[in-house]
Structures are given as C-alpha cells and as structure tokens.
Amino acid sequence: MKDSVFYLLVYGWIAIALFIFPLVIRFIAPYGRHTSRKWGAMIDNRVGWIIMELPALLVFSGFYLFGSGDHPTVTWIFFLLWVFHYINRTLIFPFRLRTKGKKMPLAIVFMAIGFNFMNGFINGYYLGTLATEAKYPISYLLDPRFLTGFSIFFLGMFINWQADNILIHLRKPGDTGYVIPQNGFFSFVSCPNHFGEILEWFGFAILVWSLPALAFAVWTLVNLMPRALHHHQWYKQSFPEYPPERKALLPFIL
Ligand SMILES: NC(=O)c1ccc[n+]([C@@H]2O[C@H](COP(=O)([O-])OP(=O)(O)OC[C@H]3O[C@@H](n4cnc5c(N)ncnc54)[C@H](OP(=O)(O)O)[C@@H]3O)[C@@H](O)[C@H]2O)c1
C-alpha cells in the first residue's frame, strides 16, 4: 500500500470519529447496564467480550510481526505494551467478570469488531511496515516523548486495572446487581476505568508519536467519554444517595 493512501485512510478514520462524536453522545451503547433486546439477536456477555476484543490482539500482532519493515528495537516495546494490554482485555478480563446469564446484542459485537480491526490494522501496519530505525533509533528511549508517554501509559493502565478490579469485586459470584463503587479513583469519578483507559491510549500516542496511535486515542475518547456520561447519569437516577461531588470522567472537571 502506498504511504499516502495509508495516511489518507488514517485521516479519514479520525474524521469519522470526530463526525460521529455528537451522535455517540446521544446514543446509549446497549451493553452492560444499558443492554437492550431491541437491538436484535443477543450473545452471552463473556463470549461477546472475547470475540469483540480478539481482533485488537490478532490483527495488530499479525500486521506487526509479518510487516515488511525494519522492526527497530524500540517498536518491539510498543508492540509488547499493546499486547500486554490486550492479553488482559481479551483473555483474562472476560473470565473475571461476574456476568452470569447476562447477554449483549450481536450488533455491538460486530461494531466493536470493526473498531478493533481498524485500529489493530493501522497501528500494526504502521509499526510493522512503515516505522524505521531513523524514526526510532535506540536513543529514542531517552526522548521526552518516550519518557512522558510511557509514564502516562502506565498511570492510565494502573487506574484502569484498579477500577476494573474494584468493579468486579462489588459482586459476589453469581450476583448481577449494582451498588455504588467506593475507594480508589471512584472517590473522584464514576468511571475511573474509562478515565484510565483514555489516559493509557493518549499516553501510547505520545510514546509512539504516530498518526495511527493518535487515531486510536481519539476513537477511545469518542467511545468512552459518552459511556462514562451515561453511566454517571444512570448512577444518579438509580441511587438518590449517590455522592453529589463525584464527577463522571475527569476528576473535578466533567
Ligand atoms: N478502548 C476502548 O475503546 C474500550 C471500549 C469499551 C470498553 N473498554 C474497557 O473495557 C472495560 C469494561 O468496560 P465497560 O464499559 O463494560 O465497563 P463497566 O460498564 O463499568 O462494567 C465493568 C464490569 O463491572 C460491572 N459493574 C460496573 N459497575 C458496577 C456496579 N456499580 N456494581 C456492580 N457491578 C458493576 C459490570 O457489570 P455489567 O456488565 O453487568 O453492567 C461489568 O462486569 C473498561 O476497562 C473499559 O475501559 C475499552
């Protein structure tokens, strides 16, 4: 593929994210607490999670590993960070969920497959085929973009994993109800899992300093900011005693 065609595709992908953002804010994604039978055929929640996240792991890895580029040493670090995140999200997280008997619409699974396929492709192709030693010499490990991005990535991952863990343990095995989460970053926001994930991928974008990584960060924001706002609204409606000072996504701000 010509480089110009590839970058046009990535710009187009970012443009789609920005275009649909106002629509996604109004559209409540029907899975988890917002799940709905109005969306047609349903699939087991856990199976749905595995299927929809798998392309992010496989497509990214395939395009990186079999790409025709130089595979500079630094890009192996980017590769390992991505794979580390997605091994948890695809192969560990779904089995930890206390989601017995719950279902999600197949439509959500198909949408997420498209999203993960595209982000996996653009990032895997860029790192496996286009990334050069000249852009990522070994000295890049001391570049401020590497050091800042790496730190933000792991801060985001810590917040995301801690929040996922707290949420999973709110239920006893077999339970499916909801309670008000406490502790950790839940003292500040309703959805630290989403806040951490957004931070993580913006950290990754700074670290890699590429257009495809930025595109993925933008898509993550477009996906998760509305979801956090909808969760926050749902908490306030479902629990009259919900802490009034708690924000939805960004501590003290939103
Ligand atoms: N990169 C991306 O674009 C992207 C997109 C989507 C998700 N993700 C990540 O995937 C993970 C899950 O996302 P999500 O939106 O499904 O998270 P979520 O709605 O907060 O749910 C996470 C898990 O915790 C349970 N849960 C949530 N709140 C609860 C409460 N108050 N009481 C008891 N149980 C509760 C949920 O049960 P129910 O399922 O029964 O509600 C679910 O099993 C997050 O880490 C998120 O960042 C990333």
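**Stop 1: helix 2**

Select helix 2, residues 45-65. Helix 2 has 21 residues and reaches 31 Å from its first C-alpha to its last, close to the 30 Å expected at 1.5 Å a residue. The expected span is 1.5 Å times one less than the number of residues in the helix. Helices here are DSSP runs of H or I with at least four residues, while strands are runs of E with at least two, numbered from the N terminus.

This is a predicted model, where local features need pLDDT of at least 70, side-chain atom pairs count only at pLDDT 80 or more, and totals for chains, interfaces and linings use all residues. Residues are numbered from 1 along each chain as its sequence is written, and side-chain values use heavy atoms, with hydrogens and water left out.

Now select Glu53. Helix 2 has a kink of about 30° there, shortly before the proline Pro55. The bend at a residue is the angle between axes fitted to the seven residues ending there and the seven starting there.

Next, colour the buried residues of helix 2. Among them are Trp49, Met52, Glu53, Pro55, Phe60 and Tyr64. Buried means under 20% relative accessible area, exposed means over 50%, and partly exposed lies in between (1.4 Å probe, protein chains only).

**Stop 2: helix 1**

Go back to residues 3-26, which form helix 1. Its 24 residues reach 36 Å from first C-alpha to last, close to the 34 Å expected. Select Ile20 to find a kink of about 45° in helix 1, shortly before the proline Pro22. The buried residues of helix 1 are Phe6, Val10, Trp13, Ile14, Ala17 and Val24. Keep a rule in mind as you look down a helix. An α-helix has 3.6 residues a turn, so residues three or four places apart point the same way.

**Stop 3: the loop to helix 3**

Select His71. It sits in the loop between helix 2 and helix 3. His71 has a positive phi of about 50°, although it is not a glycine. Is His71 buried or exposed? At 15% relative accessibility, His71 counts as buried.

**Stop 4: helix 3**

Select residues 73-96, helix 3. The 24 residues of helix 3 should span 34 Å at 1.5 Å a residue, and its end C-alpha atoms are 34 Å apart, which agrees. Centre the view on Arg89, where helix 3 has a kink of about 35°.

Then pick His85, also in helix 3. His85 counts as buried because its relative accessibility is 0%. Draw a C-alpha to C-alpha distance from His85 to Gln237: these residues are 152 apart in sequence and 33 Å apart in space.

**Stop 5: helix 4**

Select residues 106-130, helix 4, and find Val109 in it. Val109 is buried, with a relative accessible area of 2%. Met118 lies in helix 4 too. It is buried, with a relative accessible area of 17%. Met118 and Phe216 are 98 residues apart in sequence and 9.1 Å apart in space, C-alpha to C-alpha.

**Stop 6**

Select Ser151, in helix 5. At 46% relative accessibility, Ser151 counts as partly exposed. Move on to Asn183, in the loop between helix 5 and helix 6. Its phi is near 75°, a positive value in a residue other than glycine. Asn183 is exposed, with a relative accessible area of 56%.

**Stop 7: the ligand**

Finish at the ligand. Show the 26 residues around it; Lys102, Tyr178, Val179, Arg227 and His231 come nearest. A residue is near a molecule or strand if one of its heavy atoms lies within 4 Å of it.

Which polar side-chain atom lies 2.8 Å from an oxygen atom of the ligand? It belongs to His194. A polar side-chain atom of Asn193 lies 3.0 Å from a ligand oxygen atom. For Asn223, an N or O atom in the side chain is 3.2 Å from an oxygen atom of the ligand. The protein covers 96% of the 890 Å² of accessible area that the ligand has on its own. Accessible areas come from the Shrake-Rupley method with a 1.4 Å probe; for residues, only the protein chains shown count as cover.

Last, colour the shell by element. Helix 7 gives the largest share, 6 residues.

Technical notes: Polar contact = N/O pair within 3.5 Å; in protein donor to acceptor, adjacent residues only side chain to side chain.
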